[in-house]
Number of protein chains: 2
Amino acid sequence: MNVVSPLSNVRVVLVETSHPGNLGAVARAMKVMGLSDLALVKPRCEIDDEARARASGAVDVLEASRRFDSLDEALADTVLAAACTSRRRDLPHPAYTPRQAAPEMLALAHNGSVAVVFGSETFGLSNEQLMKCRWLINIPSNPDYASLNLGAAAQVLAYELRCTAEDAVLPLPEFEPAAHAARESLLAEMEKALTEIGFHDPANPKRLMPRLRRFFAKAGLEKEEVAIWRGIVEAMKTTGPSRKN
Amino acid sequence: MNVVSPLSNVRVVLVETSHPGNLGAVARAMKVMGLSDLALVKPRCEIDDEARARASGAVDVLEASRRFDSLDEALADTVLAAACTSRRRDLPHPAYTPRQAAPEMLALAHNGSVAVVFGSETFGLSNEQLMKCRWLINIPSNPDYASLNLGAAAQVLAYELRCTAEDAVLPLPEFEPAAHAARESLLAEMEKALTEIGFHDPANPKRLMPRLRRFFAKAGLEKEEVAIWRGIVEAMKTTGPSRKN
């Protein structure tokens with residue numbers, strides 16, 4: 001690989017990591033596969049000597065990591081976020097293996113940052129955090145013991161991305177994917193509008209917003225589509241209050 | 001996977017490992033992928049508390065490991081041995097990536113034990129040790145920093161073997177796709193509603209409906225989603241005419 005590799009647009013996002021050794025292990029796992037963008041969301045530990053020891057020759061990745069106060073902030077400029085989780089059956093989001101996910105992730109990485117999100121060692125990711133991601137990624141594992149170490153999971157993902165990057169990947173048709181923050185604010189506006197027109201009752205939400213989130217996750221929102229949906233939502237809201245007349 | 005999996009015939013052979021933490025990490029990497037046969041050749045460390053802590057729920061694999069005084073003894077009953085190494089150019093042996101190697105390794109695992117051999121953290125495997133193996137395995141990595149941690153390398157190999165064993169492709173989540181006619185009638189209703197609320201002008205349609213069609217095509221509409229969107233469209237229409245008041 002020469003010139004700019006899409007791997008340089010892959011961000012690893014660690015949420016509420018507890019063990020400094022895992023920070024180091026993830027940094028090393030990233031660097032050996034050619035990744036370098038590490039984001040830490042509310043880490044519960046510091047980059048200490050243990051972290052640096054486990055990072056070995058990847059201390060630079062560790063030191064260059066950025067901290068964020070929320071997952072939304074860490075994902076704000078990304079065009080795709082995929083949450084690595086062992087949960088699946090209870091969630092409606094599209095779920096893929098690393099091998100299935102890697103080609104489209106890399107194709108999108110030509111257009112902007114793509115993120116792989118990992119939860120804390122003990123609690124994983126909350127439902128709310130999972131639903132903020134477009135995809136779930138399930139690493140195939142032993143059903144009797146599926147507990148991958150955080151560094152090992154990051155290694156598997158980074159390895160798949162590198163293997164795929166080294167293969168020829170067909171670029172997707174030209175389009176501009178929407179950033180995370182644009183999608184989140186659109187969905188928030190949409191929820192407001194649906195409430196105003198009386199279709200959605202936040203006090204009795206049923207499964208409406210998760211279902212709409214899932215629909216938008218499947219579609220893969222583009223910039224131009226954000227503009228269209230914003231227009232529709234605005235038009236809905238304009239009409240909303242008069243309904244009570 | 002049921003009955004006897006070829007994964008149970010995969011042996012991981014660690015030669016002269018120095019760090020107990022790595023023994024634990026390898027045991028965990030094995031168990032999460034369904035491997036259990038761990039062989040230690042002249043280990044330079046003990047299975048201590050650190051090893052057990054890193055093994056986490058895979059202490060059983062660690063405790064069941066066997067010690068050997070030589071690589072020959074650890075490989076004696078195997079039908080294939082593959083050495084994981086970052087070296088290649090100076091050796092005449094056949095070399096494969098994990099992905100290339102996995103199918104034949106598993107095929108042979110139906111006939112007897114197959115081994116993946118890892119050298120020590122500092123020195124790797126000697127030429128003599130490498131030449132005792134039939135294959136070399138090179139994990140694709142960053143040419144500028146190819147130093148995989150021992151546990152991470154074992155994780156990648158075990159993962160590839162499991163993926164190959166499962167031919168792992170996630171089934172899509174269960175859902176009921178909407179029929180063509182249902183999608184068409186929804187889109188027609190949507191166009192009407194968007195016209196009523198003044199967002200869409202059929203006399204000057206621009207690219208709105210083709211863009212919405214494309215968005216719905218990407219998402220892959222399901223039956224339940226038709227019901228949700230029909231509800232939204234109904235709610236829009238109800239409010240629509242009053243806008244002109």
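Leaving aside neighbours within four places in sequence, which residues is Asn149(B) in contact with? They are Ala25(A) and Arg28(A), where contact means that C-beta atoms, placed from the backbone, lie within 7 Å. This is a predicted model, where local features need pLDDT of at least 70, side-chain atom pairs count only at pLDDT 80 or more, and totals for chains, interfaces and linings use all residues. Residues are numbered from 1 along each chain as its sequence is written, while chains are lettered from A and ligands numbered from 1 in the order in which they are written.

**Where chains A and B meet**

- Chain B puts 53 residues into the contact, and chain A puts in 56.
- On the side of chain B that touches chain A, the elements giving two or more residues are α1 (20-32), α7 (150-166), α9 (208-219) and α10 (223-239) of chain B. Helices here are DSSP runs of H or I with at least four residues, strands are runs of E with at least two, and both are numbered from the N terminus.
- That side of chain B splits into 27 nonpolar, 17 polar and 9 charged residues. Ala, Val, Leu, Ile, Met, Phe, Trp, Tyr, Cys and Pro count as nonpolar, Asp, Glu, Lys and Arg as charged, and the others, Gly among them, as polar.
- Back to Asn149(B): its spot is the loop between β7 (135-137) and α7 of chain B.
- Asn149(B) counts as buried because it has 26 C-beta neighbours inside 10 Å. The cut-offs are 20 or more other C-beta atoms within 10 Å for buried, 12 or fewer for exposed, and in between for partly exposed.

**Two helices in chain A**

- Helix α1 (residues 20-32) and helix α7 (residues 150-166) of chain A have axes that come within 8 Å and cross at roughly 15°. Axes are lines fitted to C-alpha atoms, for helices over the stretch in contact, with angles from 0 to 180 degrees between N-to-C directions.
- So α1(A) is roughly parallel to α7(A), a label for angles under 35 degrees.
- From α1(A), the contact uses Asn22(A), Ala25(A), Val26(A), Ala29(A) and Met30(A). From α7(A) come Leu150(A), Gly151(A), Ala154(A), Gln155(A) and Ala158(A).
- Those contact residues divide into 7 nonpolar, 3 polar and no charged.

**Nonpolar cores**

- The largest nonpolar core has 133 residues, and Val13(A), Met30(A), Val117(A), Met30(B) and Val117(B) touch the most other members. Such a core is a set of buried Ala, Val, Leu, Ile, Met, Phe, Trp, Tyr and Cys residues joined through C-beta atoms within 7 Å.
- Not counting residues up to four places away in sequence, Met30(A) touches several residues, including Leu35(A), Val61(A), Ala154(A) and Ala158(A).
- There's also a second, separate core of 20 residues, which includes Ala193(A), Met236(A), Ile232(B) and Val233(B).

**Loop residues to look up**

- Glu16(A) isn't a glycine, yet it has a positive phi of about 50°. It sits in the loop between β1 (10-15) and α1 of chain A, and is buried, with 21 other C-beta atoms within 10 Å.
- Lys206(A) also has a positive phi of about 50° without being a glycine. Its loop runs between α8 (180-196) and α9 (208-219) of chain A, and Lys206(A) is exposed, with 10 other C-beta atoms within 10 Å.
- Lys132(B) is in the loop between α6 (127-131) and β7 of chain B. With 16 other C-beta atoms within 10 Å, Lys132(B) is partly exposed.

Technical notes. Parallel < 35°, antiparallel > 145°, perpendicular 65-115°, else oblique. Contact = placed C-beta atoms within 7 Å.
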